Amino acid sequence: ITYQLYTIFEPRLKIEKLDRLYYDLELPLVLVLGEMEKTGVKIDPVYFQKLNVENEKMLVEVCNNIYEQAEMEFNINSTKDLSHVLFERLKLPVKKKTKTGYSTDISVLEALKGSHPIIEYLIAYRTLSKLKNTYIETLPKLISQKTNRIHTSYNQTVVATGRLSSSDPNLQNIPIRDDFGKKIRSGFVAENDFVILAADYSQIELRLAAHLSQDENMINAFKEGIDIHSLTASNIFGVPIDDVESDMRRHAKIINFATIYMVSPFGLSQQAEISIQEAALFIDKYFETYPGFKSYIEKTIKFAEEHGYVETMLGRKRKVVEINSETKFRKEGAERIAVNTPIQGTSADMIKIAMIHIHETFNKNNLKSKMIMQVHDELVFEVHKDEKDLVGEIVKNKMENAMELTVPIVVDMGWGNNWEEAH
């Protein structure tokens, strides 16, 4: 059966012009991922035990605060009990209904932020519970008795954009922003005589947006080393770049990424905590600042409408099924896919090329150092102390030269005894 399928698909690869992507990228990557899975990642179980104790204390404290705000004790994990407290007892506005009653999912809690002090505590409770169940208690149980390491699985054919996914356990989903997420990364450690190297592409999706759209303002900013978020803030708020305040830059950063993902004014208003009118105005000013990117969006959507797919710089194709749908929200969803896929997909292809070249060079030099994780735009290595300089040079060189862009590719690198230190 496998051979019969081969006789069908092998010619199709050539017809669809996907043969180079398959033979030069995805097939060689199988060996790289196989070795990464086999090598695994070391975690410190004693550290995770201490973290669990700390997490338990924080959960008890948060629970008490929730009970205090509700003026009663109840089962926080019960949707029925929680909806009774929020919408009947505290009379908070209902945001979403389900077949069984009022929804209390995280999107509802986020929408209720600022309406009552209990909401902040409930969000903290959800975060701490998720960290406990998904990582703190679970990861130590997954340590192999043979290797004393954790072995994830990397999946090449799950994410439609071409990104890798990770499962059993998912090591690509460890929280980045909150302090407790950082504490989890601190539990990922190196063996004796080894250190951790974390290397990630700086603002790679914005750089690819500049390259694909050929927007002059974006390209010049990256070429001249101008902070792209400050430049966006300067144009949106109408102030000189040197007068951009941190809050303006924060808003501009959200807008930069939101526009790449084709977020609506409503979506942006939620993310940036501004009114829908302000969000719509910011998006208009964004396109005035980067007219080339607006043209890229229009061309890409037109291409998708005519051909039914979009593709990355290496020719990876993704069908955009509902691009010609007459239903507004389906059409808008398809447009988001069409615009973002060439950017995110090219970023995924780029890091895969770097991984193959790094793996080959490590093997050629018979290095003890190993590539141990890939987290989208970031590669993590366990590096022997004697090989630090050589590995740093190889990683930087292969990542920066994986693909040729109109703008410079920047790789941020950090070293440490654990993943958080390196990060």
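**View 1. Helices H9 and H15 pack at an angle of about 75°, their axes lying 9 Å apart.** H9 spans residues 204-213 and H15 residues 291-307; helices are DSSP runs of H or I with at least four residues, numbered from the N terminus. Axes are lines fitted to C-alpha atoms over the stretch in contact, and angles run from 0 to 180 degrees between N-to-C directions. The two helices are therefore roughly perpendicular, a term for angles of 65 to 115 degrees. The model is predicted: local features need pLDDT of at least 70 and side-chain atom pairs pLDDT 80 or more, whereas totals for chains, interfaces and linings use all residues. Residues are numbered from 1 along each chain as its sequence is written, and side-chain values use heavy atoms, without hydrogens and water.

**View 2. Residues of H9 and H15 meet in contact (heavy atoms within 4.5 Å).** Ala209, Leu212 and Ser213 of H9 face Gly292, Phe293 and Tyr296 of H15.

**View 3. Phe293 and its surroundings.** Leaving aside neighbours within four places in sequence, Phe293 is in contact with residues including Ala209 and Ser213, as well as Met218, Ile260, Tyr286 and Ile343.

**View 4. The largest nonpolar core has 121 residues.** Such a core is a set of buried Ala, Val, Leu, Ile, Met, Phe, Trp, Tyr and Cys residues joined through side-chain atoms within 4.5 Å; buried means under 20% relative accessible area (1.4 Å probe, protein chains only). Phe188, Tyr201 and Phe293 have the most contacts inside this core. Helix H16 (residues 328-364) supplies its largest share, 12 residues. Across the protein, buried residues make up 48% of the 423 residues.

Technical notes
Parallel < 35°, antiparallel > 145°, perpendicular 65-115°, else oblique. Buried < 20%, exposed > 50% of the residue type's maximum accessible area, 1.4 Å probe, protein only.
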